[in-house]
Amino acid sequence: MAKTPSALLLTCDAQLVEIDLPFGHDDKSSAERRAVLRAALRCDRFDVVSLTRQWDMWIDDDGLYNHPVNPAATALARRFGFTHQRYYGPVLLTGGPDAEGNTLPLLRQQLIGLLLTLQDL
């Protein structure tokens with residue numbers, strides 16, 4: 001059985017790229033996670049949009065100035081009620097937060113649901 005990716009990068013041309021994002025709660029894992037987020041999103045500052053309790057969408061905080069619009073990410077956000085803006089640049093999709101607010105990896109069922117939702121956009 002194939003390993004479930006911990007995160008998915010959704011590019012501006014609607015391509016999906018599996019990303020291995022570190023998810024430990026120690027300082028080293030947190031620093032590694034931030035470095036991977038910056039590299040994947042091609043940015044210095046990032047933010048998170050909590051799409052649902054199961055899915056978070058990580059974005060370039062300055063994406064409007066640095067990247068073209070991401071139609072698939074915008075459509076995905078609108079599906080969950082985020083209709084006030086468009087989203088720019090690649091976005092990283094992860095599982096939602098745990099009870100303490102820590103980001104969780106995508107679980108297999110979350111990944112399947114996310115892929116079906118993206119296919120339906």
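A helix here is a DSSP run of H or I with at least four residues, numbered from the N terminus. The model is predicted.

Select Asn66 first: this residue belongs to helix H2. Asn66 counts as partly exposed because its relative accessibility is 46%.

Next, display the side chain of Asn66 together with the backbone of Asp62. A polar atom of that side chain lies 3.2 Å from the backbone oxygen of Asp62.

Now centre on Asp62, which is in the loop between strand E4 (55–60) and helix H2 (63–66). Asp62 has a relative accessibility of 25% and therefore counts as partly exposed. Phe46 is 16 residues away from Asp62 in sequence, and their C-alpha atoms are 7.7 Å apart.

Which residues touch the most other members of the largest nonpolar core? Select Leu10, Val49, Leu51, Met57, Tyr87, Leu93 and Leu114, from a core of 19 residues. At least two residues of this core come from each of strand E1 (7–10), E4, helix H3 (71–79), strand E5 (91–95) and helix H4 (108–119). H3 contributes the largest share, four residues.

Within this selection, focus on Val49. Leaving aside residues up to four places away in sequence, Val49 touches Trp55, Asp56, Met57, Ile59, Phe82 and Tyr87.

Finally, select Leu9, Leu37, Ala40 and Leu92, which are among the 11 residues of a second, separate core.

How values were computed
Residues numbered from 1 in each chain as written. Predicted model: local features only at pLDDT ≥ 70, side-chain atom pairs only at ≥ 80, totals over all residues. Heavy atoms only, no water. Buried < 20%, exposed > 50% of the residue type's maximum accessible area, 1.4 Å probe, protein only. Core = buried A, V, L, I, M, F, W, Y, C linked by side-chain atoms within 4.5 Å. Contact = heavy atoms within 4.5 Å. Polar contact = N/O pair within 3.5 Å; in protein donor to acceptor, adjacent residues only side chain to side chain.
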